[in-house]
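Here's a quick briefing to read with the structure open. Take a look at it first, then go through the notes by topic.

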Amino acid sequence: MEHEFQLFPEQASSYAAKLDWLYYSLVGVAVFFTFLICVLILTFAIKYRRGSRASRGNPSNGNLKLEFTWALIPFVIMMISFGWGTRLFMEINRPPADAIDMYVVAKQWMWKCQNQNGKGEINELHVPVETPIRVTLISEDVIHSFFVPAFRVKQDVLPGRYTSIWFRPTKPGTYHLFCAEYCGTSHAAMRGKIVVMERHEYAAWLEREGTTPASVQGRLLFERFKCGDCHGGDASDDGPMLSGLFRRTETMRDGERLEPDLGYVRQSILEPQARVVAGYQPVMPAFQLSEEQIFQLVAYLETLSAQTLKSNTLPEELSR
Amino acid sequence: MITLGRKPHNYLNANYSPWSWLFSTDHKRVAILYLISITLFFFVGGATAVLFRLELMTPRGDLVISETYNKLFTMHGIIMVFFFLIPSIPAVLGNFLIPMMIGARDLAFPKLNLLSWYIYSIGGVFTIAALVSGGVDTGWTFYTPYSSTYSNTAVMTAALGIFITGFSSILTGLNFMVTTHTMRAPGMHWFRLPLFVWSNYATSLIMILGTPVLAISLLLVAVERFFRMGIFDPKLGGDPLLFQHLFWFYSHPAVYIMILPGMGVISEVITCFARKRVFGYEFIAFSSLAIAVLGFLVWGHHMFVSGQSMYAGMVFSFISMLVAVPSAIKVFNWTATLYKGSITLQTPMLYALGFIGLFTMGGLTGVFLATLAVDVQVHDTYFVVAHFHYIMVGGMVMAYLGGIHFWWPKMTGRLYPEWWGRVSAAMIFFGFNLTFYPQFILGYLGMPRRYHTYPEEFQVLNVMSSAGASLLGVGYLIPLGYLLWSLRYGRAAGDNPWRAKGLEWTTTSPPPTENFHVTPVVTEEAYAYSAEESEAEYQRQVEEFARGEETLEESRREL
């Protein structure tokens, strides 16, 4: 975070330079046409001022060819801008498979960040350099927006629904995190820091902070709420097994087919009757978990997905 | 012009009692009522801007607390959008001129016209009530669930004010459309209509089709606020993005309500001061309609980062790009109109040329916003603030002031002082650019809009912007002063001081209550100007002047 006057934003992600190419190209187009129009206006205003000796013979009141030309030129430029902008937009909407997950809960007026491998932070998020980071976002109250200008990324944070964003930091340093969607009284104070660290420093930082990874905290929740009692994976269980959940396609009681994701898990915890897997009774009670707790549980479920589907691979203390 | 004895009968001196104004169904008097009310709102809205620009001189919040700051920008937005920009050109100049331009005695529904002013005023009273009863802090966009659940300010009073005012725009739009269809003078075909009428026709279309959707969205916010019925708040089972879809379905077309009538004014002014027929009449006329229709299909470009589907974003981006085409056509055609003209640079022309430059910049930066990836960076930053001020202030307010100066002699029978007019037009142009140009840079640097405090590195640009705003403020006060002055002390204008074409200039200034003593018959195209004739006449004047000088010189020698 520089405190000096600047005209151009810092480029601190792999994507920033790519966007700047497009942006400065558009600046070029804008400057060219603004100058063109201004020069034409000034030239005509001087050359054809009343009393000047310029010829006014054969005035033209329209010229179809000319008008189609100056409709076509902007059209072509627009299409190039559309194509270029869309290609980059698709890129930032599709995180690479090896991205590290971070979870962020926004509320009036703070950012609660949960690192997949450890510490929960307030208004700060530490990330390693040269590593793709996927941030999953949710709000506890109104709409916020997660905006890191140095990375050129922004994503609104909605209550009740997950959104996500990804970036690959390229330069160690501290960068602004702004809330960009007006969210009430202290909107302008809802600012945070993204701290990009060298990988080894990041590893040392994780070590030093010595906190439990989200998945471990999730496992504790899993135990506390006895999720395994019904979702352990035995045929006699009341609920579908949770290991391997994110790699399956489930059919719902109403015939809807879906690939369970974060949003589905969240809904199943808060309103279990909403979408029940076919073959099971709607008997699960609702659990009032906080958004952070849901993130932790999901982080734990992700580790289950990575294992084989048998229930005996669950941690010993969970199996009956 | 020398008049002996009683002044000729006109709409201003027909009756002096206040009732004759408050219950007048004369479209010209209703236009004056609107002129007075929107001027009041413009200066209230401007005062809020002065306050928050002062606050933004420093990165810390040292002038007002954040709650007050939020209420200031909210009131600025609500007042300027709903109570100044939307009614500005249509309700003042449109009301005054449309019947006269098409050769009619009044609008099709004179009583509805008066009613729409009353509805507007009642809506205005509610909004002012919201302001004095503690204010509103949702932003003029009323995004849910903040507005429907979380804000504990006078949201409903303000929303009710906007809801009510909406009906006045619907009635005005209806009136203009029916009038244009049914009341044109003999010989006034569609393609002889002044482009001002075309652009107000396109505007009316948006007012009629769009405004009800805004009314519905605000009503739904009220239902959720009062009855806790889940529509937008996910905690109650609603969807917060639904509001954005509904709101922008109106409010994006509403942006075109705030620019199309301005484009109409520019076409009138440029042709008159270039003494040329407008270049490509049909292209300009149809581009207004194209903008009005396309405007209904682009609302999703306000939501590229909202969490709507990526593919929806692509479709909206594509259609938004198309809007650039009719806009570009207009700019090129106006510029081409100057070619081989006989140009003079009186105040209205300065405003019109300023408009073209600023609208071009506003339009081109619109392309940045329509480009998906660029919008991700600049959405909800000062870039957007700068962009829409270039369109709405650089465009619409410049056009409105240009129009007021152009038709002031017709409306009041007086001339404003030309020198002051030019000075303030130049001041507004420079003040405007100094205010808003730095905001483009701030936006790409990442300064979010609606920020009460900000990181220190943004201060220099913010100070520049505030300095420009003070210049702009003075620029707006000067015309207020000299226009009022001219009512009493201005030179008598005569019927047609600009030697302009168009039916409104064929009647007396100020016009009689019935507009025309005899219904005009139209026999020529719109803008039948000739630069060559204008030059020839100018030569005659110059020679006459030279002869006068010679005579003077001779008589001096004789002495």
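This is a predicted model: local features need pLDDT of at least 70, side-chain atom pairs count only at pLDDT 80 or more; totals for chains, interfaces and linings use all residues.

On the interface, 78 residues of chain B are in contact with 72 residues of chain A.

**Chain B's side of the interface**
- The elements of chain B that put two or more residues into the side touching chain A are α3 (66-102), α5 (146-150), α10 (281-294), α11 (310-338), α12 (347-370), α13 (372-378), α15 (418-445) and α17 (531-558).
- The biggest giver is α11(B), with 14 residues on the side that touches chain A.
- Sorted by class, chain B's residues on that side come out as 44 nonpolar, 24 polar and 10 charged.

**The α9/α10 pair in chain B**
- Helix α9 (residues 260-274) of chain B and α10(B) have axes that come within 11 Å and cross at roughly 170°.
- Angles over 145 degrees count as roughly antiparallel, and α9(B) and α10(B) are therefore roughly antiparallel to each other.
- On the α9(B) side, the contact is made by B:Leu260, B:Met263 and B:Ser267.
- From α10(B), B:Ile284, B:Ser288, B:Ile291 and B:Ala292 take part.
- By class, this contact has 5 nonpolar, 2 polar and no charged residues.

**Helix α4 in chain A**
- Helix α4 of chain A spans residues 214-224, and its buried residues are A:Ala214, A:Gln217, A:Gly218, A:Arg219 and A:Phe222.
- As for spacing, an α-helix has 3.6 residues a turn, so residues three or four places apart point the same way.
- Just after α4(A), A:Lys226 adopts a positive phi of about 55°.

Key
Residues are numbered from 1 along each chain as its sequence is written. Chains are lettered from A and ligands numbered from 1 in the order in which they are written. A residue is buried if 20 or more other C-beta atoms lie within 10 Å of its own, exposed if 12 or fewer, and partly exposed in between; C-beta atoms are placed from the backbone. Helices (H or I, at least four residues) and strands (E, at least two) are DSSP runs, numbered from the N terminus. Two residues are in contact if their C-beta atoms, placed from the backbone, lie within 7 Å. Ala, Val, Leu, Ile, Met, Phe, Trp, Tyr, Cys and Pro count as nonpolar, Asp, Glu, Lys and Arg as charged, and the others, Gly among them, as polar. Axes are lines fitted to C-alpha atoms, for helices over the stretch in contact, and angles run from 0 to 180 degrees between N-to-C directions. Angles under 35 degrees count as roughly parallel, over 145 as roughly antiparallel, 65 to 115 as roughly perpendicular and the rest as oblique.
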